[in-house]
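User: I'm new to this one. Can you walk me through it, starting with the ligand?

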Amino acid sequence: MGKSIAIFNQKGGVGKTTTNINLAACLAMKGIKVLVLDIDPQGNTTSGLGVSKRGLEKTSYDLLVEDNIDPASTILQTIIPGLDIIPASVDLAAAEIELVQLEGRERRLKNALDKVRGDYDYIFIDCPPSLGLLTVNALCAANSVLIPLQCEYFALEGLSQLIRTIRALRKNLNPALAMEGILFTMYDGRTNLTYAVVNEVKAHFADKVYRTVIPRNVRLSEAPSHGKPIYYYDKYARGAESYAALSREFLERSDG
Ligand SMILES: Nc1ncnc2c1ncn2[C@@H]1O[C@H](COP(=O)(O)OP(=O)(O)O)[C@@H](O)[C@H]1O
Ligand SMILES: [Mg+2]
(Lines give C-alpha, C1' and ligand atoms only; values in the text may rest on other atoms or scores of the structure.)
(Ligands and ions follow the chains in the order given, each with its own letter.)
Protein backbone atom coordinates (compact mmCIF):
# COMPACT_ATOMS: atom_id res chain seq x y z
CA MET A 1 0.00 0.00 0.00
CA GLY A 2 1.33 3.42 -0.93
CA LYS A 3 2.59 5.64 1.84
CA SER A 4 1.18 9.14 1.72
CA ILE A 5 3.24 12.14 2.73
CA ALA A 6 1.91 15.65 3.15
CA ILE A 7 4.43 18.36 2.30
CA PHE A 8 3.34 20.96 4.74
CA ASN A 9 4.27 24.32 6.17
CA GLN A 10 1.59 26.96 6.67
CA LYS A 11 4.09 29.55 5.49
CA GLY A 12 4.24 30.22 1.75
CA GLY A 13 7.42 30.39 -0.27
CA VAL A 14 9.44 27.94 1.82
CA GLY A 15 10.01 25.34 -0.90
CA LYS A 16 7.05 22.96 -0.48
CA THR A 17 6.21 22.83 -4.15
CA THR A 18 9.84 22.71 -5.28
CA THR A 19 10.45 19.82 -2.90
CA ASN A 20 7.30 18.02 -3.97
CA ILE A 21 8.13 18.21 -7.67
CA ASN A 22 11.78 17.28 -7.39
CA LEU A 23 11.64 14.63 -4.68
CA ALA A 24 8.75 12.94 -6.50
CA ALA A 25 10.61 13.09 -9.82
CA CYS A 26 13.85 11.70 -8.34
CA LEU A 27 11.96 8.76 -6.84
CA ALA A 28 10.08 8.06 -10.07
CA MET A 29 13.40 8.06 -11.93
CA LYS A 30 14.45 5.15 -9.72
CA GLY A 31 11.48 3.15 -10.99
CA ILE A 32 9.31 3.86 -7.96
CA LYS A 33 5.60 4.46 -8.58
CA VAL A 34 4.72 7.95 -7.39
CA LEU A 35 1.54 10.01 -7.34
CA VAL A 36 1.58 13.73 -6.68
CA LEU A 37 -1.58 15.36 -5.46
CA ASP A 38 -1.83 19.11 -5.89
CA ILE A 39 -4.32 20.71 -3.52
CA ASP A 40 -2.93 24.23 -3.60
CA PRO A 41 -5.30 26.50 -5.58
CA GLN A 42 -2.21 28.15 -7.06
CA GLY A 43 -1.51 24.87 -8.84
CA ASN A 44 2.24 25.40 -8.99
CA THR A 45 3.00 21.70 -8.74
CA THR A 46 0.65 21.07 -11.63
CA SER A 47 2.29 23.59 -13.96
CA GLY A 48 5.76 22.80 -12.63
CA LEU A 49 5.29 19.22 -13.80
CA GLY A 50 4.33 20.39 -17.26
CA VAL A 51 0.56 19.96 -16.94
CA SER A 52 -1.47 22.86 -18.31
CA LYS A 53 -4.10 24.09 -15.87
CA ARG A 54 -6.45 25.04 -18.67
CA GLY A 55 -9.08 22.64 -19.95
CA LEU A 56 -8.52 20.02 -17.30
CA GLU A 57 -11.48 17.69 -17.13
CA LYS A 58 -11.16 16.50 -13.54
CA THR A 59 -8.94 17.87 -10.81
CA SER A 60 -8.35 17.59 -7.09
CA TYR A 61 -11.34 19.90 -6.73
CA ASP A 62 -13.64 17.17 -8.05
CA LEU A 63 -11.87 14.61 -5.90
CA LEU A 64 -12.73 16.61 -2.79
CA VAL A 65 -16.19 17.83 -3.60
CA GLU A 66 -17.89 15.15 -5.73
CA ASP A 67 -19.50 12.25 -3.94
CA ASN A 68 -18.56 8.77 -5.17
CA ILE A 69 -15.99 10.03 -7.65
CA ASP A 70 -13.68 7.47 -9.21
CA PRO A 71 -10.26 8.88 -8.24
CA ALA A 72 -8.68 7.24 -11.28
CA SER A 73 -10.64 9.71 -13.44
CA THR A 74 -8.64 12.59 -11.94
CA ILE A 75 -5.18 11.07 -12.50
CA LEU A 76 -2.92 12.22 -15.34
CA GLN A 77 0.48 11.00 -16.45
CA THR A 78 3.37 13.47 -16.40
CA ILE A 79 6.35 13.61 -18.75
CA ILE A 80 8.26 11.57 -16.17
CA PRO A 81 7.63 7.84 -16.50
CA GLY A 82 6.16 6.45 -13.29
CA LEU A 83 5.09 9.85 -12.00
CA ASP A 84 1.35 10.57 -12.04
CA ILE A 85 -0.47 13.66 -10.87
CA ILE A 86 -3.87 14.72 -9.67
CA PRO A 87 -3.76 18.34 -10.82
CA ALA A 88 -5.15 21.42 -9.14
CA SER A 89 -7.34 24.10 -10.64
CA VAL A 90 -8.36 27.52 -9.42
CA ASP A 91 -11.74 26.07 -8.35
CA LEU A 92 -9.93 24.76 -5.31
CA ALA A 93 -10.13 28.14 -3.65
CA ALA A 94 -13.91 27.62 -3.61
CA ALA A 95 -13.55 24.08 -2.29
CA GLU A 96 -12.23 25.50 0.95
CA ILE A 97 -15.68 27.05 1.49
CA GLU A 98 -17.82 24.36 -0.15
CA LEU A 99 -16.24 21.65 1.97
CA VAL A 100 -17.63 23.17 5.15
CA GLN A 101 -21.13 21.91 4.40
CA LEU A 102 -20.19 18.50 3.05
CA GLU A 103 -20.50 15.26 4.93
CA GLY A 104 -17.23 13.97 6.41
CA ARG A 105 -15.54 17.17 5.32
CA GLU A 106 -12.16 16.40 6.91
CA ARG A 107 -11.81 12.91 5.46
CA ARG A 108 -12.97 13.32 1.92
CA LEU A 109 -9.47 13.27 0.50
CA LYS A 110 -8.47 10.25 2.55
CA ASN A 111 -11.53 8.29 1.45
CA ALA A 112 -10.86 9.06 -2.19
CA LEU A 113 -7.11 8.38 -2.01
CA ASP A 114 -7.56 5.05 -0.25
CA LYS A 115 -9.04 3.74 -3.50
CA VAL A 116 -5.83 4.29 -5.48
CA ARG A 117 -3.25 3.75 -2.75
CA GLY A 118 -2.54 0.25 -3.92
CA ASP A 119 -1.31 1.51 -7.30
CA TYR A 120 1.57 3.57 -5.86
CA ASP A 121 4.61 3.29 -3.62
CA TYR A 122 4.43 6.92 -2.51
CA ILE A 123 1.81 9.63 -2.69
CA PHE A 124 2.92 13.21 -2.07
CA ILE A 125 0.37 15.86 -1.21
CA ASP A 126 1.35 19.47 -1.90
CA CYS A 127 -0.45 21.60 0.69
CA PRO A 128 -1.55 25.22 0.34
CA PRO A 129 0.04 27.75 2.71
CA SER A 130 -2.88 27.81 5.13
CA LEU A 131 -4.46 25.83 7.92
CA GLY A 132 -7.89 25.57 6.33
CA LEU A 133 -9.92 22.52 5.36
CA LEU A 134 -7.73 21.71 2.35
CA THR A 135 -4.74 21.30 4.61
CA VAL A 136 -6.79 19.39 7.20
CA ASN A 137 -7.85 16.99 4.43
CA ALA A 138 -4.22 16.53 3.43
CA LEU A 139 -3.12 15.84 7.01
CA CYS A 140 -5.98 13.37 7.47
CA ALA A 141 -5.03 11.51 4.31
CA ALA A 142 -1.32 11.45 5.16
CA ASN A 143 0.73 8.81 6.92
CA SER A 144 3.43 11.38 7.61
CA VAL A 145 4.41 15.03 7.23
CA LEU A 146 7.51 16.38 5.54
CA ILE A 147 8.29 19.96 6.53
CA PRO A 148 10.42 22.21 4.33
CA LEU A 149 11.93 24.99 6.40
CA GLN A 150 13.76 28.10 5.33
CA CYS A 151 16.61 29.15 7.59
CA GLU A 152 15.29 32.46 8.80
CA TYR A 153 14.36 33.75 12.18
CA PHE A 154 10.60 33.48 11.66
CA ALA A 155 10.96 29.83 10.72
CA LEU A 156 11.21 28.96 14.39
CA GLU A 157 7.99 30.72 15.29
CA GLY A 158 6.28 29.07 12.36
CA LEU A 159 7.61 25.68 13.40
CA SER A 160 6.07 25.76 16.87
CA GLN A 161 2.71 26.72 15.39
CA LEU A 162 3.10 23.90 12.92
CA ILE A 163 3.87 21.36 15.63
CA ARG A 164 0.78 22.48 17.56
CA THR A 165 -1.30 21.93 14.44
CA ILE A 166 0.08 18.42 13.98
CA ARG A 167 -0.59 17.60 17.64
CA ALA A 168 -4.17 18.83 17.42
CA LEU A 169 -4.67 16.81 14.29
CA ARG A 170 -3.32 13.65 15.90
CA LYS A 171 -5.63 14.13 18.83
CA ASN A 172 -8.77 14.71 16.84
CA LEU A 173 -8.49 13.19 13.41
CA ASN A 174 -5.39 11.18 12.56
CA PRO A 175 -3.65 9.62 15.60
CA ALA A 176 -1.11 7.77 13.44
CA LEU A 177 0.22 10.88 11.67
CA ALA A 178 4.02 10.63 11.84
CA MET A 179 6.79 13.15 11.33
CA GLU A 180 8.59 12.19 8.14
CA GLY A 181 11.33 14.78 8.40
CA ILE A 182 12.38 18.41 8.40
CA LEU A 183 14.21 19.71 5.35
CA PHE A 184 16.24 22.90 5.19
CA THR A 185 15.63 24.68 1.91
CA MET A 186 17.21 27.72 0.26
CA TYR A 187 20.13 27.03 2.51
CA ASP A 188 22.99 29.47 2.71
CA GLY A 189 25.65 28.04 5.00
CA ARG A 190 27.61 31.28 5.11
CA THR A 191 25.35 33.20 7.48
CA ASN A 192 25.32 33.08 11.27
CA LEU A 193 21.54 33.11 11.27
CA THR A 194 21.41 29.91 9.23
CA TYR A 195 23.75 28.32 11.71
CA ALA A 196 21.65 29.45 14.69
CA VAL A 197 18.36 28.30 13.17
CA VAL A 198 19.75 24.90 12.19
CA ASN A 199 21.13 24.34 15.69
CA GLU A 200 17.88 25.33 17.33
CA VAL A 201 15.82 23.03 15.13
CA LYS A 202 18.24 20.13 15.63
CA ALA A 203 18.05 20.63 19.40
CA HIS A 204 14.32 19.88 19.24
CA PHE A 205 14.03 17.45 16.36
CA ALA A 206 17.44 15.78 16.30
CA ASP A 207 17.07 12.73 14.09
CA LYS A 208 14.08 14.10 12.22
CA VAL A 209 16.23 16.69 10.44
CA TYR A 210 17.53 15.54 7.05
CA ARG A 211 21.31 15.58 6.67
CA THR A 212 20.71 16.72 3.12
CA VAL A 213 20.10 20.45 2.77
CA ILE A 214 18.84 22.17 -0.37
CA PRO A 215 21.00 25.15 -1.31
CA ARG A 216 19.67 28.30 -2.84
CA ASN A 217 20.07 27.60 -6.55
CA VAL A 218 18.68 29.76 -9.31
CA ARG A 219 18.25 26.77 -11.65
CA LEU A 220 15.68 25.37 -9.19
CA SER A 221 13.59 28.50 -9.52
CA GLU A 222 13.87 28.51 -13.33
CA ALA A 223 12.86 24.89 -13.93
CA PRO A 224 9.09 25.30 -13.20
CA SER A 225 8.67 27.88 -15.95
CA HIS A 226 9.80 25.14 -18.34
CA GLY A 227 7.35 22.70 -16.77
CA LYS A 228 10.17 20.39 -15.72
CA PRO A 229 11.75 18.99 -12.58
CA ILE A 230 15.30 20.19 -12.10
CA TYR A 231 16.89 16.98 -13.33
CA TYR A 232 15.13 17.32 -16.68
CA TYR A 233 16.02 21.01 -16.91
CA ASP A 234 19.66 21.02 -15.79
CA LYS A 235 20.93 17.78 -14.34
CA TYR A 236 24.28 19.31 -13.47
CA ALA A 237 22.81 22.05 -11.29
CA ARG A 238 23.57 21.94 -7.57
CA GLY A 239 19.85 21.81 -6.95
CA ALA A 240 19.58 18.62 -9.01
CA GLU A 241 22.31 16.92 -7.00
CA SER A 242 20.79 18.00 -3.70
CA TYR A 243 17.32 16.67 -4.51
CA ALA A 244 18.88 13.42 -5.73
CA ALA A 245 20.66 13.19 -2.37
CA LEU A 246 17.40 13.90 -0.59
CA SER A 247 15.66 11.10 -2.46
CA ARG A 248 18.38 8.66 -1.35
CA GLU A 249 18.12 9.78 2.26
CA PHE A 250 14.34 9.68 2.07
CA LEU A 251 14.42 6.04 0.95
CA GLU A 252 17.04 5.11 3.54
CA ARG A 253 14.80 6.45 6.28
CA SER A 254 11.64 5.06 4.80
CA ASP A 255 13.06 1.54 4.69
CA GLY A 256 14.60 1.65 8.14
N1 LIG B 1 16.45 25.98 -3.26
C2 LIG B 1 15.93 27.01 -3.95
N3 LIG B 1 16.75 27.90 -4.56
C4 LIG B 1 16.23 28.96 -5.23
N5 LIG B 1 14.93 29.20 -5.36
C6 LIG B 1 14.06 28.35 -4.78
C7 LIG B 1 14.52 27.21 -4.05
N8 LIG B 1 13.43 26.54 -3.59
C9 LIG B 1 12.35 27.24 -4.01
N10 LIG B 1 12.71 28.32 -4.73
C11 LIG B 1 11.84 29.34 -5.32
O12 LIG B 1 11.21 30.02 -4.26
C13 LIG B 1 9.83 30.26 -4.53
C14 LIG B 1 8.96 29.55 -3.50
O15 LIG B 1 9.18 28.15 -3.58
P16 LIG B 1 7.97 27.13 -3.58
O17 LIG B 1 8.55 25.77 -3.73
O18 LIG B 1 6.94 27.54 -4.56
O19 LIG B 1 7.43 27.33 -2.10
P20 LIG B 1 6.00 26.99 -1.46
O21 LIG B 1 5.40 25.87 -2.23
O22 LIG B 1 6.31 26.63 -0.05
O23 LIG B 1 5.19 28.25 -1.54
C24 LIG B 1 9.60 29.74 -5.95
O25 LIG B 1 9.74 30.81 -6.84
C26 LIG B 1 10.71 28.72 -6.13
O27 LIG B 1 11.07 28.59 -7.50
MG1 LIG C 1 3.50 25.74 -3.14
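This is a predicted model: local features need pLDDT of at least 70, side-chain atom pairs count only at pLDDT 80 or more; totals for chains, interfaces and linings use all residues.

User: What lies 3.1 Å from an oxygen atom of ligand 1?

Analyst: A backbone N or O atom of V14.

User: And which residue has a backbone atom 2.9 Å from a nitrogen atom of ligand 1?

Analyst: That is N217, through a backbone N or O atom.

User: How much of the ligand's accessible area does the protein cover?

Analyst: On its own, ligand 1 has 550 Å² of accessible area, and the protein covers 78% of that.

User: Which residues come nearest to ligand 1?

Analyst: There are 14 residues around ligand 1. G13, T17, T18, P215 and N217 come nearest.

User: New topic: helix α8. What should its span be?

Analyst: Helix α8 has 14 residues, 192-205. At 1.5 Å a residue, the helix should span 20 Å. The end C-alpha atoms are 20 Å apart, so the two agree.

User: Which residues of α8 are buried?

Analyst: T194, V197, V198, V201 and F205. They cover an arc of only 100° around the axis, which means they sit on the same side of α8.

User: Why do residues three or four places apart point the same way?

Analyst: An α-helix has 3.6 residues a turn, so residues at that spacing point the same way.

User: What do the buried residues of α8 pack against?

Analyst: They pack against β6 (144-150), α7 (153-172) and β7 (178-185).

User: And which exposed residues are on the face turned away?

Analyst: N192, Y195 and A203 are carried on the face of α8 turned away from its buried side.

Notes. Residues are numbered from 1 along each chain as its sequence is written. Chains are lettered from A and ligands numbered from 1 in the order in which they are written. Side-chain values use heavy atoms; hydrogens and water are left out. Helices (H or I, at least four residues) and strands (E, at least two) are DSSP runs, numbered from the N terminus. The expected span of a helix is 1.5 Å times one less than its number of residues. Buried means under 20% relative accessible area, exposed over 50%, partly exposed in between (1.4 Å probe, protein chains only). The arc is that of the directions from the helix axis to the C-beta atoms. Contact means heavy atoms within 4.5 Å. A residue is near a molecule or strand if one of its heavy atoms lies within 4 Å of it. A polar contact is a pair of N or O atoms within 3.5 Å; within protein, one must be able to donate a hydrogen and the other to accept it, and residues adjacent in sequence count only if both atoms are side-chain atoms. Accessible areas come from the Shrake-Rupley method with a 1.4 Å probe; for residues, only the protein chains shown count as cover.
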